[in-house]
Amino acid sequence: MNDRLTSVLTQCIDGLERGEMTLIECVENYPEFKDELRDLLDVMQSIKTIAHEPVEEDFRWRTRASLVNKVISHKPASIWDKFRLWIKETSIFRNRVAKVQIVLVIALLLSLVSGGSVLAAENAVPGDFLYPLKMFVEELRMAIIGEDDDVELHLRFAEKRLREVESLAEKGRFEGIGTAIDRFEYHIEGATRPDLADKKHDDILRDWRLYELSETIIKHQEVLERLLEDEVVVDEARAAIEHAIEASTKGQAKLNELFPEGFPAKPPIESIPAPDIPKPQTEPEFEEVPGIPELPVEIPVDTEVTPPEGDEGVLPIPLPVGSPPGRP
Amino acid sequence: MRQLNTETPDNVLVKRTSQGYGNAFGELYDRHFDSLYRYIYFRVSNKQDAEDLTETIFLRTLETILHKKKNIKNFRAWLFRLAHNILVDHYRSRKFHADIDEVEYLPEIINVSGENSLDGSDRKLLKDAITKLEPDLQKVISYRFIAELSYAETSEIMGLKVNHLRVLQHRALKQLKYYLSKDFKNHE
């Protein structure tokens, strides 16, 4: 390959691309490569010509709008989302046994380090000093537990948030209700996430769980509406509770979307497969011990029972007369 | 909302996209759509596939920016590397070629439609000639003259030095010139 020609060709292509020169000008600048240069640049321009295919403007703008909307509607990942992603992508956490062991070890370490604060935090409500610790432990559990259990944990935690709302309302600490309601909404969203729709609908246990989910949401709504009727609730808390009712209504609507042909009926209890309990082993037959006589099948009624020798003089113990002490 | 202009570098737009600015990604899309679409269309020679693949590439790009918060230094080079990987997957799924190395070659199906200075038969001849090139030379032609990437971007995607790339560019044009010449046609 001619190095000089390569260099000249590069300069010409650059000049043409930048619009600084024409093909003729370029060829004239390098008469020693005149013919070869013209042929090569002709080929290049032909390639550029075939590359220009018309684009459907409708496709271009529809795709653009869809992508821009995705950016706008995207919720930035929280630190917990990142943590959960890290857990998901870490191979050690994929093993179920390892997961349980890790949870136990972390719980033990936290208990040791915090001196039982984790246990004490269990009853904390928003605004309490230990409430962030309670949230941390919950997030840790959700991060480590698998996705199927995640839904159940979301449900359980949603119920906890509701109890916290009730507790706060009873104590008149309305300022914390908003925090609990936000978390409640987060858990309801987590429990009704769209990928449930991909699961098998004919799975009885799953239907059962979804049925319970629906019942739980209804129960939550009832509690929230009861709180709303309470005259003591201040306006700020009232707005938060109304927001929570709206959130749980949305959750119920999401469930309905999962089952467009009708919500699965409560499955009969007998249809739930029984756990696989191992059958007991057959009882071992008693072996006959030599020297022990067989019992008679039937004892004759008229047989006279005689006391054994040496017991003739023993009298029956007399019963005490009257009421026992302490009783009338 | 911050104003964006044509001077805003790609990596700044990537950063702003990751912060949730929709117009930043819109700007990236506008900047790179045409060249990416041209490149994809040239490789697949089918309008529907080209549209589907272009959309997939932008969607994957967006997901990477939003979820992985990846620090992309040279966005254009990164985008075309992703495009190449998605094309490889596309060929695999269509079973055009069994061997991954052969994916580098253009498919035999040539689209001869179009409205420009070259007539249908010339276009077909040229595309046929390009399919005869070695994979690396095809890549140079695709990136440099179809997608209109710079030397720096092409060299980054192909993992070559710029000088080496210039030599390959020269060789590719020279071979194409030969494949389009009367000598080659007579030889065939």
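A salt bridge is defined here as a side-chain nitrogen of Lys or Arg within 4 Å of a carboxyl oxygen of Asp or Glu. The model is predicted: local features need pLDDT of at least 70, side-chain atom pairs count only at pLDDT 80 or more, and totals for chains, interfaces and linings use all residues. Residues are numbered from 1 along each chain as its sequence is written, chains are lettered from A and ligands numbered from 1 in the order in which they are written, and side-chain values use heavy atoms, with hydrogens and water left out.

Select B:Asp10 and B:Arg31, whose side chains form a salt bridge with an N to O distance of 2.7 Å. B:Asp10 belongs to helix H1 (residues 10-18) of chain B and B:Arg31 to helix H2 (residues 22-44) of chain B, so the pair ties together parts that are 21 residues apart in sequence. Helices (H or I, at least four residues) are DSSP runs, numbered from the N terminus. B:Asp10 counts as buried at 16% relative accessibility, whereas B:Arg31, at 25%, counts as partly exposed. Buried denotes under 20% relative accessible area, exposed over 50%, and partly exposed the range in between (1.4 Å probe, protein chains only).

Turn next to chain A and select A:Glu138 with A:Lys160, a salt bridge whose closest N and O atoms are 3.7 Å apart. A:Glu138 lies in helix H8 (residues 131-144) and A:Lys160 in helix H9 (residues 147-171) of chain A, so parts 22 residues apart in sequence are tied together. Both A:Glu138 and A:Lys160 are buried.

Finally, display A:Lys134, A:Glu138, A:Lys160, A:Arg161 and A:Glu164, which are linked in a network of salt bridges.

How values were computed:
Helix = DSSP H or I, 4+ residues; strand = E, 2+ residues; numbered from the N terminus.
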